[in-house]
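Hi,

Here's the structure I promised to pass along. Have a look at it first, and then read on for what turned up.

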Amino acid sequence: MESCIKILFNDANFSRIFNKRKPTTDHWMDFSIGSSACHIAVSQIQKRKAVDVELYINDDKELFKSLFAHKDEIEKNMEMELEWKELPERKASRILIEKTVDLDDRATWPEQFDYIMDTCIKMKRAFKRYL
């Protein structure tokens, strides 16, 4: 994800909306959206050859339920269908979208980065009004 961070923050629109992160060698990266209860996380999933972008809710099932009450509005605003996972057996909840990609094909990386940027921006705008 180190090279991904560099590319994301070279985009003027993305870097205006999100605070710059220090590059890491992890397969995920987190972005603040102005709430300590949740954040946006982007992950590369090698097993499924996918990237996912999610709103990760740390430990607040009531927040998940209140967001779920606005599911239709949020998805309409994002122009995307999301996967809503309350995960009752765990502390965290997740609201995500996953895209199948070829993580090894560098020629497709620009398209993957565009998808990540677009989805993160849409997610932040759609959820922020309900936080």
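Before the details, one definition: two strands count as paired here if DSSP finds at least two bridges between them. Also keep in mind that this is a predicted model.

The part I'd start with is the sheet. It is open and has five strands, in the order S1-S2-S3-S5-S4, with antiparallel pairing. At the edges sit S1 (28-32) and S4 (83-85), each of which pairs on one side only. On average, neighbouring strands of this sheet are turned by 20° against each other, if you ignore direction.

Now for S5 (residues 93-100) and its partners. S4 pairs with S5 in the antiparallel sense, over three bridges. Along that pairing, glutamate 83 stands opposite leucine 96 in S5, and lysine 85 is opposite arginine 94, also in S5. S3 runs antiparallel to S5 too, and eight bridges join those two strands. There, valine 53 is the residue facing isoleucine 97 of S5 across the pairing.

What packs on the sheet? Helix H3 (residues 61-68) does. H3 touches S2 (38-45), S3 (50-57), S4 and S5, and the helix direction makes about 60° with that of S5.

One thing to bear in mind while you look at the strands: in a regular strand, side chains alternate between the two faces of the sheet.

Cheers

Conventions:
Residues numbered from 1 in each chain as written. Predicted model: local features only at pLDDT ≥ 70, side-chain atom pairs only at ≥ 80, totals over all residues. Heavy atoms only, no water. Helix = DSSP H or I, 4+ residues; strand = E, 2+ residues; numbered from the N terminus. Axes fitted to C-alpha atoms, helices over the stretch in contact; angles between N-to-C directions. Contact = heavy atoms within 4.5 Å.
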